[in-house]
Amino acid sequence: IEDGMRAVTVRVDDVRGVAGFILPGERVDIVLVQGARNDSSSDVILQNIRVLAVDQVANEKEEAPKVARAVTVEVNTEEAQKLILASEVGRLSLILRQAGNASAGSSRRVTAADLTTAR
């Protein structure tokens, strides 16, 4: 763990954990989904977060997909607080980032109403 950073573990399932394709050392964006069925929304709450471990696997040479139940990420204190609170108010999902892509993409809240809007 880098100086000033913290390790936080989030619970995921096979879908929210990108079907086992997240490995230690990779980077992810973290999305919070919350609300009731027709009043649901999703927000990207953290971007470009480094994965430290998947379940108990901390081997960066591991190449085979492993279905994760927990992913440990490296965050600063404020991000840790945000992540812990988010896990209490909704469901967290991970978005695997392209290797070497550190740019923060633009994001906006997506709601259930957006699902029926043509692109």
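Let me start at one residue, Ile 45. Setting aside neighbours within four places in sequence, Ile 45 is in contact with Ile 30, Leu 32, Lys 82, Leu 83, Ala 86 and Leu 92. Please keep in mind that this is a predicted model.

Now the chain as a whole. It has one helix and six strands. In sequence order the pattern is β-β-β-β-α-β-β. The chain has 119 residues, and 34% of them count as buried. If we take contacts between residues at least 6 apart in sequence, 70% of them join residues at least 24 apart. The accessible surface comes to about 7800 Å², and carbon and sulfur atoms account for 48% of it.

α1 has 13 residues and spans 19 Å from its first C-alpha to its last, close to the 18 Å expected at 1.5 Å a residue. Ala 80, Leu 83 and Ala 86 are buried in α1. They lie on the same side of α1, because they cover an arc of only 130 degrees around the axis. What covers the buried residues of α1? The cover includes β1, β2, β3, β4 and β5. On the other side of α1, the exposed residues are Glu 78, Gln 81, Leu 85 and Glu 88. At the start of α1, a side-chain oxygen of Asn 76 comes to within 3.1 Å of the backbone nitrogen of Glu 78.

Glu 2 sits in the segment before β1. Glu 2 and Asn 76 are 74 residues apart along the chain, yet their C-alpha atoms are separated by 9.6 Å. Leaving out neighbours within four places in sequence, Glu 2 is in contact with Arg 50 and Glu 74.

Glu 74 turns up again in the surroundings of the next residue, Ile 49. Ile 49 is in strand β3. Is Ile 49 buried or exposed? Its relative accessible area is 3%, so Ile 49 is buried. Not counting residues up to four places away in sequence, Ile 49 touches Glu 26, Arg 27, Val 28, Ile 30, Val 73, Glu 74, Val 75 and Glu 79.

Arg 97 is in the loop between β5 and β6 (110–111). From Ile 49 to Arg 97 it is 48 residues in sequence, and 9.3 Å in space, C-alpha to C-alpha. Arg 97 has 11% relative accessibility, and therefore counts as buried. What does the side chain of Arg 97 make a polar contact with? Its partner is the side chain of Asp 29, at 2.6 Å.

Note on methods
Residues numbered from 1 in each chain as written. Predicted model: local features only at pLDDT ≥ 70, side-chain atom pairs only at ≥ 80, totals over all residues. Heavy atoms only, no water. Helix = DSSP H or I, 4+ residues; strand = E, 2+ residues; numbered from the N terminus. Buried < 20%, exposed > 50% of the residue type's maximum accessible area, 1.4 Å probe, protein only. Contact = heavy atoms within 4.5 Å. Areas by Shrake-Rupley, 256 points an atom, 1.4 Å probe, with all protein chains shown as cover. Expected span 1.5 Å × (residues − 1). Arc of directions from axis to C-beta. Polar contact = N/O pair within 3.5 Å; in protein donor to acceptor, adjacent residues only side chain to side chain.
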